[in-house]
Amino acid sequence: MSIVLPGEQVPAQHVNLKLGPGLLQLSSETQQQAKSAPVIATRSGVLNHSANKSKWWVEGNSRRYVPAPQESVIGVITGRSGEGWRVDIGSAHPASLDGLAFEGATKRNKPSLKVGSLLYARVSLAHKDMEPELECFDAQTHKADGFGELKDGFVLQCSLQMSRLLLDPKHFLLPLLGSRFPLEAAVGMNGKVWVSTKETKHTITIVRCIEAVDPDGGGMDETNVKKFLSKLDI
């Protein structure tokens, strides 16, 4: 990991390169040139990449979510917009969601969503000069793939860095909690986490643990979380 500043070129190269928040690939005249077009940082922070270096992003201390294509988010329906809806995902601009961007949706058969409905969606289009667009299915298979309306449960806010940690399969927290009691969870890259449990005390436990582990909070490690859970007799 290294610190980058706005305008600084970064060594992001991969056959299936995906850029997350804080990075921009400069445009090129031809498709062949586009593959090797330079990538620059658009904000200061820590440069990160996935294990296979296919995805790169800049982890800053920004508290506002900047949408990036293919990222999962949790949002709230704020109103109708033509044949779709407007969704608040915590970004500078509201996102749009087409009525057909759901598994099995047709012009005559669309989801019945209301203002206030909670959604787990994926960013399909994101550009600094346009409002982001969402979809609630896998674009290739057209299957829901876990996306869609989230019913019941509880939504909590965490730092953007914490949401990335929770989405890492190797992170200890959600598997640890899941070994103690049944739970369902959906994590958005926009710093929102939806959880559903059978007992209120378990929901409260999840919220307290996420707040404790969050780097913006206590930054608690696995050992101390286990001690914390043992005191709660969970």
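Which residue in β6 is the bridge partner of I3? The bridge partner of I3 in β6 is V46. The legends below describe close-up views of a predicted model.

**View 1. Pairing of strand β1 with strand β6.** Strand β1 covers residues 2-4 and strand β6 covers residues 45-49; the two are antiparallel and share three bridges. I3 is bridged to V46 of β6, and S2 stands opposite L47 of β6.

**View 2. The hairpin of β6 and β7.** Four bridges hold β6 and β7 in antiparallel pairing. N48 has W57 of β7 as its bridge partner. Five residues lie between the two strands of this hairpin, and K53 in the turn has a positive phi of about 65°.

**View 3. The open sheet of four strands.** The strand order is β1-β6-β7-β3, and the pairing within this open sheet is mixed. β1 and β3 (18-19) are the edge strands; each has a single partner strand, so one side of each has no neighbour in the sheet.

**View 4. Strand β8 and its two antiparallel partners, β9 and β11.** Strand β8 (residues 72-81) pairs with strand β11 (residues 118-127) in the antiparallel sense, over five bridges. In this pairing, I74 has Y120 of β11 as its bridge partner. β8 is also joined by five bridges to strand β9 (residues 84-88), again running antiparallel. Here R80 is bridged to W85 of β9. The hairpin of β8 and β9 has two residues between the strands, and G82 takes a positive phi near 65°.

**View 5. The largest nonpolar core.** This core has 26 residues, and V87, L97, F102, L119 and L134 are the ones with the most contacts inside it. Two or more of its residues come from each of β8, β9, β10 (95-102), β11 and β12 (130-136). β11 gives the largest share, five residues.

**View 6. Surroundings of F102.** Leaving out residues up to four places away in sequence, F102 touches W85, L97, P111, L113, L119, C136 and F137. Two of these contacts, L97 and L119, are listed with F102 among the core residues that have the most contacts.

**View 7. Helix α2 and what covers it.** Helix α2 spans residues 160-167, and its buried residues include L160, M162, S163, R164 and L166. Among the elements that cover the buried residues of α2 are the strands β7 (55-59), β15 (183-188) and β16 (192-197). The helices α3 (173-178) and α4 (200-213) also belong to this cover.

**View 8. The largest cavity.** A search of the whole structure finds one cavity of 30 Å³ or more. The volume of the largest cavity is about 50 Å³. Its lining consists of P21, R43, E59, Y65, V66, L160, R164 and M189. By residue class, the lining holds five nonpolar residues, three charged residues and no polar ones. L160 and R164 in this lining are also buried residues of helix α2.

Definitions and conventions: Residues are numbered from 1 along each chain as its sequence is written. This is a predicted model: local features need pLDDT of at least 70, side-chain atom pairs count only at pLDDT 80 or more; totals for chains, interfaces and linings use all residues. Side-chain values use heavy atoms; hydrogens and water are left out. On a 1 Å grid over the protein atoms alone, a cavity is a set of points where a 1.4 Å probe fits but cannot get out, and a pocket is an open set with protein on both sides within 12 Å along at least five of seven lines; lining residues have an atom within 4 Å of a point. Grid points are joined across faces, edges and corners, and a volume is the space filled by probe spheres set on the points. Ala, Val, Leu, Ile, Met, Phe, Trp, Tyr, Cys and Pro count as nonpolar, Asp, Glu, Lys and Arg as charged, and the others, Gly among them, as polar. Two strands pair if DSSP finds at least two bridges between them. A nonpolar core is a set of buried Ala, Val, Leu, Ile, Met, Phe, Trp, Tyr and Cys residues joined through side-chain atoms within 4.5 Å. Buried means under 20% relative accessible area, exposed over 50%, partly exposed in between (1.4 Å probe, protein chains only). Contact means heavy atoms within 4.5 Å.
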